[in-house]
Amino acid sequence: MNVLITAAASATAQIIAGELAGSYTLRLTDLSENTGSSTGDVIACDLGHEKPTDDLVAGIDAIVNIGYQCQTGSATDLIDYHTRRMYNLVQAASDAGVSRCVNISTLRLYEGHEENLVVTERWRTDPPADDVELLGAHLTEIVCKEFARDRLVQVANLRLGWPLVGGSSAGPDDTAAVTHELIGAAVAEALVSNELDQWQDIHVQSPVANQRFSTATAARLLPGLAERLAQ
């Protein structure tokens, strides 16, 4: 499978690329302003509505899009990235026949809720307008959802816990943490699962004491995760 990973300079993209390397043919991309700080072969593309974006997705089977904490800049720049540039990317992917997009979002969209509430994928996200990174994640979800609803691209929307921790287990005090290993496994499963709807929200965090978010949907729709999430 040929997989495009966006925002290659971001920490999340580097975690995912490291976990998927060797099992997939990866193509990494980022905005031209970021490619100088990236490691390895990264294609510079500013995700305009033009040929370079079309070329970027040519021959790609699936996209792993980093939709949270993936860029830096002014609020205007970030909103533009999460709306106009996201639209251009997914439109080009649809035109090229890309069958699936795994969008990486965040469970921080629910951070304001009390920890004793059982928050599932059915809960509506309502990010604060003054947190542009969370607002950006929310807007990217909206863009991707519109393409999915029109049945142009199937989208698995993975909302990851926080913090992202190395190793194979999270600390007992990190009630919403997710390990690098689990992130990689979740993305790999989301790329191939036959159990997903056209638009599918999936919450992913590591199993810890006083776990903050339910991962029942992930265990059901991403069968390879069931044992990991039950530990």
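Biologist: Where is the place of Leu47 in this structure?

Modeller: Happy to start there. Keep in mind that this is a predicted model. Leu47 sits in the loop between β3 (42-44) and α2 (51-57). Its phi is positive, about 55 degrees, although Leu47 is not a glycine.

Biologist: Is Leu47 buried or exposed?

Modeller: Buried means under 20% relative accessible area. Leu47 has 3% relative accessibility, so Leu47 counts as buried.

Biologist: Which loop holds Arg151, and what is the phi of Arg151?

Modeller: Look in the loop between α4 (132-149) and β6. Arg151 is a residue other than glycine with a positive phi, near 60 degrees. Arg151 is exposed, with a relative accessible area of 62%.

Biologist: Now the helices. How do I read a packed pair?

Modeller: Two packed helices are described by the angle between their axes and the distance between the axes. Here, α1 and helix α5 (residues 180-192) pack at about 70 degrees, and their axes are 9 Å apart. The two helices are therefore roughly perpendicular to each other.

Biologist: Which residues in α1 and α5 meet?

Modeller: From α1, Ile15, Ile16, Glu19 and Leu20 take part; they meet residues of α5 including Ile183, Val187 and Leu191. By class, this contact has seven nonpolar, two polar and two charged residues.

Note on methods: Residues numbered from 1 in each chain as written. Predicted model: local features only at pLDDT ≥ 70, side-chain atom pairs only at ≥ 80, totals over all residues. Heavy atoms only, no water. Axes fitted to C-alpha atoms, helices over the stretch in contact; angles between N-to-C directions. Helix = DSSP H or I, 4+ residues; strand = E, 2+ residues; numbered from the N terminus. Parallel < 35°, antiparallel > 145°, perpendicular 65-115°, else oblique. Contact = heavy atoms within 4.5 Å. Nonpolar A, V, L, I, M, F, W, Y, C, P; charged D, E, K, R; others polar. Buried < 20%, exposed > 50% of the residue type's maximum accessible area, 1.4 Å probe, protein only.
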